[in-house]
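Hi,

Here is the structure I promised to pass on.

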Amino acid sequence: MSNITHGLRSHPAYKRYQHILGRCYNPNDKAYHNYGGRGIVIEHAPWGVVEGHAGLIAFCKWWDAQPGTDEDKCRLMIERDDNNRGYSPDNCHLDTRTVQNRNQRRNIRVRYKGQSRLLTEVYDDLVLRGRDPAVSCQAARHRYQQLGWSLRDALFTPPLTRDSRIMYHGKLKKFQDIYDDLKTHGKIPDGLRYKVAYQRYFMQEWPIRDAFFKEPDRRNGSEARRITIKDGERFGRLVIIQELDKVDGRRMFMCICDCGKSKIAQLKLLRDGRVKSCGCLHKDMLRERHAKARLERGV
Ligand SMILES: [Zn+2]
């Protein structure tokens, strides 16, 4: 047995398998919250079989069967076809883009109208055609990539509401149901209210485990420090006119844009610099970029 183990240790796929194990099962792994933390694990057979390293052996065999030299393959990502499913031979392929490319998370590719396109391109395209997505490009990426939403949902679902469903241990469940379930099993720390867990996860974008299991901060009853915003305060092209009623716990402000249009914006997005105008800034930038491109083409 030890011979086999030793043999596999030097196999080019050995490290890959270890990385997958880490992402899926080790809460200390820096990518865990995107994988194990949201129920993405190794689907049981054949890669998930622990006895006698059968899983590892099967994984190495799969690797050997993939086209290309080991040297080439080592540069490729193992991509899951269905983002909501775990690791298994029928859900994985070696992606032809290089690891480096993939690590530039901004450049995520999506299937759109039957083509593979950059998410940012798709987003810009929609804005230009007047079909404004419901959230920022960044938020859409987060939903698509981290939360495993479909592209359509990621772009056009309005910001989250209370009965939002999320992936939890491989199942799509209501956030409220998960909370209630953990609560009845005594796993939620004392004094961690539903609302706080909800805010941690949806608004502050904490990893799911931390949102449910981290001790609440009791110093002032609320973790979200209340930030004072004065009327007339400026964020990019937007000037605050007045604070509105909260929407799902989010603080909302009525603003007026330099171009004259009014805009209702969420405080968090204003402060993060993710909303800087009524939308005219982005449109101006696109127009400029297109004009420049035309000029360069000599049209
Ligand atoms: Zn404007």
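Below is what I found, going from the overall picture to the details.

First, some housekeeping. This is a predicted model, so local features need a pLDDT of at least 70 and side-chain atom pairs count only at pLDDT 80 or more, while totals for chains, interfaces and linings use all residues. Residues are numbered from 1 along each chain as its sequence is written.

On confidence: pLDDT is the predictor's confidence in each residue, from 0 to 100. The chain averages 81, and 87% of the residues score at least 70. Helix 3 has the highest mean pLDDT of the chain's elements (93), and helix 5 (residues 99-103) the lowest (46). Over residues 98-105 the pLDDT is below 50, and this stretch has six contacts in the model beyond near neighbours in sequence. A contact here means two residues whose C-beta atoms, placed from the backbone, lie within 7 Å. Residues 220-224 are also below 50, with four such contacts.

The chain has 13 helices and ten strands; these are DSSP runs numbered from the N terminus, with helices being H or I of at least four residues and strands E of at least two. Of the 299 residues, 18% are buried. Buried means 20 or more other C-beta atoms within 10 Å of the residue's own, exposed means 12 or fewer, and partly exposed is in between, with C-beta atoms placed from the backbone.

Now the cores. A nonpolar core is a set of buried Ala, Val, Leu, Ile, Met, Phe, Trp, Tyr and Cys residues joined through C-beta atoms within 7 Å. The largest one has 13 residues, and Tyr17, Ile20, Cys24, Ile42, Phe59 and Tyr87 have the most contacts inside it. Helix 2 (14-25) and helix 3 (54-65) each supply at least two residues of this core, and helix 2 gives the most, with three. Leaving aside neighbours within four places in sequence, Ile20 is in contact with Ile42 and Tyr87. Another core, of ten residues, lies apart from that one; Val135, Ala140, Ala154 and Leu155 are among its members.

Next, the strands. Two strands pair if DSSP finds at least two bridges between them. Five bridges link strand 9 (residues 252-257) to strand 10, and Cys255 stands opposite Lys263 in strand 10. Elsewhere, strand 3 (residues 109-112) and strand 4 (residues 115-118) run antiparallel, joined by four bridges. They form a hairpin with two residues between them, and Tyr112 stands opposite Gln115.

Most residues other than glycine have a negative phi, and most peptide bonds are trans. Lys113, in the hairpin turn, has a positive phi of about 50°; Lys113 is exposed, with 7 other C-beta atoms within 10 Å. His169 also has a positive phi, near 45°, and lies in the loop between strand 5 (165-168) and strand 6 (171-174). The peptide bond from Ala45 to Pro46 is cis, with omega near -5°, and Pro46 is found in the loop between helix 2 and helix 3.

Cheers
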